[in-house]
Amino acid sequence: MKSEEHMKLLLKEKGDIYHKDESPKHVLMYVETEDFVFVDYLFVSREARGEGMGKNLLMKLKRKGKPIILEVEPIDYKDTDTKKRQRFYNREGFKHAKSIGYRRRSLATNKVTELEILYWTPDDEDEHSIYEKMCHTYEMIHTYKDEHLYGESYEEVDEVLTLNHNQSQKS
């Protein structure tokens, strides 16, 4: 969802928390704060799939001992990549934050996309805490210099992220 220009700006201006880990076979862009990690972008080349690279990259992040949060497209049965991606994260111990609703409008296309929040925690953190961390990420990273980059602002965080309290109690 982020443009390449947006990611470069984050690396330059928020390099204390926004990181890039890359090789010829992968690119990992992530945010690391004091109490969580947000995976902004994870790409493993087709040639390297099945070599355990994605698993190793996530293990490196898990060793930090903080919750890891990421966003994925819901499974589209016509698009096998979405199914494979979800299966991969599930195998790696990530849970779907079912109580968190996430609808984001692209400033480039004006299209609204629903995404799912997946998370892994070392100490069974609840979805309310994951929601708060995701709100922080949205305000700190996703909307960073949006007017400068796109000529307009993204929607306010409470229009994009919602928490169903009844469902968060069941988790």
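**Questions on the predicted model**

In helix α4, the buried residues are Glu127, Ser129, Ile130, Tyr131, Lys133, Met134, Cys135, Thr137, Tyr138, Met140, Ile141 and His142. The model is a predicted one.

Colleague: How many of the 16 residues of α4 are buried?

Modeller: Helix α4 runs over residues 127-142. A residue counts as buried when its relative accessible area is under 20%. By this test the helix is mostly covered, and the number of buried residues is 12.

Colleague: Which residue of β2 stands opposite Lys20?

Modeller: Strand β1 pairs with β2 (residues 26-32) in the antiparallel sense, over six bridges. A hairpin of two residues joins β1 to β2, and Ser23 has His26 as its bridge partner in β2. Opposite Lys20 stands Met29.

Colleague: Which residue of β3 stands opposite Val27?

Modeller: Strands β2 and β3 also pair in the antiparallel sense, over seven bridges. A hairpin joins them through four residues. The residue of β3 opposite Val27 is Phe43.

Colleague: Why is β2 described as largely enclosed by the rest of the structure?

Modeller: One side of the strand carries His26, Leu28, Tyr30 and Glu32, and the other carries Val27, Met29 and Val31. These residues are all buried, and both faces of β2 are therefore covered. The strand is largely enclosed because the buried residues of β2 number seven of the seven.

Colleague: Is Leu118 buried or exposed?

Modeller: Leu118 lies in strand β8 (residues 116-120). Leaving aside neighbours within four places in sequence, the contacts of Leu118 include Ile68, Ile69, Leu70, Val72 and Phe94. The relative accessibility of Leu118 is 3%, and the cut-off for a buried residue is under 20%. Leu118 therefore counts as buried.

Colleague: How far apart in space are Leu118 and Ile17?

Modeller: In sequence, Leu118 and Ile17 are 101 residues apart. In space, C-alpha to C-alpha, the distance is 20 Å.

Colleague: Which element gives the most residues to the lining of the largest pocket?

Modeller: The largest pocket holds about 1,100 Å³ of space. Elements that give two or more residues to its lining are β3, α2 (53-62), β4 (68-72) and α3 (80-91). With seven residues, the element that gives the most is α3.

Colleague: How many residues of the lining of the largest pocket are charged?

Modeller: The lining is made up of 34 residues, and those nearest the centre of the pocket are Leu42, Phe43, Arg49, Arg85 and Tyr89. The lining includes 14 nonpolar and five polar residues. The number of charged residues is 15.

Definitions and conventions: Residues are numbered from 1 along each chain as its sequence is written. This is a predicted model: local features need pLDDT of at least 70, side-chain atom pairs count only at pLDDT 80 or more; totals for chains, interfaces and linings use all residues. Side-chain values use heavy atoms; hydrogens and water are left out. Two strands pair if DSSP finds at least two bridges between them. Buried means under 20% relative accessible area, exposed over 50%, partly exposed in between (1.4 Å probe, protein chains only). Contact means heavy atoms within 4.5 Å. On a 1 Å grid over the protein atoms alone, a cavity is a set of points where a 1.4 Å probe fits but cannot get out, and a pocket is an open set with protein on both sides within 12 Å along at least five of seven lines; lining residues have an atom within 4 Å of a point. Grid points are joined across faces, edges and corners, and a volume is the space filled by probe spheres set on the points. Ala, Val, Leu, Ile, Met, Phe, Trp, Tyr, Cys and Pro count as nonpolar, Asp, Glu, Lys and Arg as charged, and the others, Gly among them, as polar.
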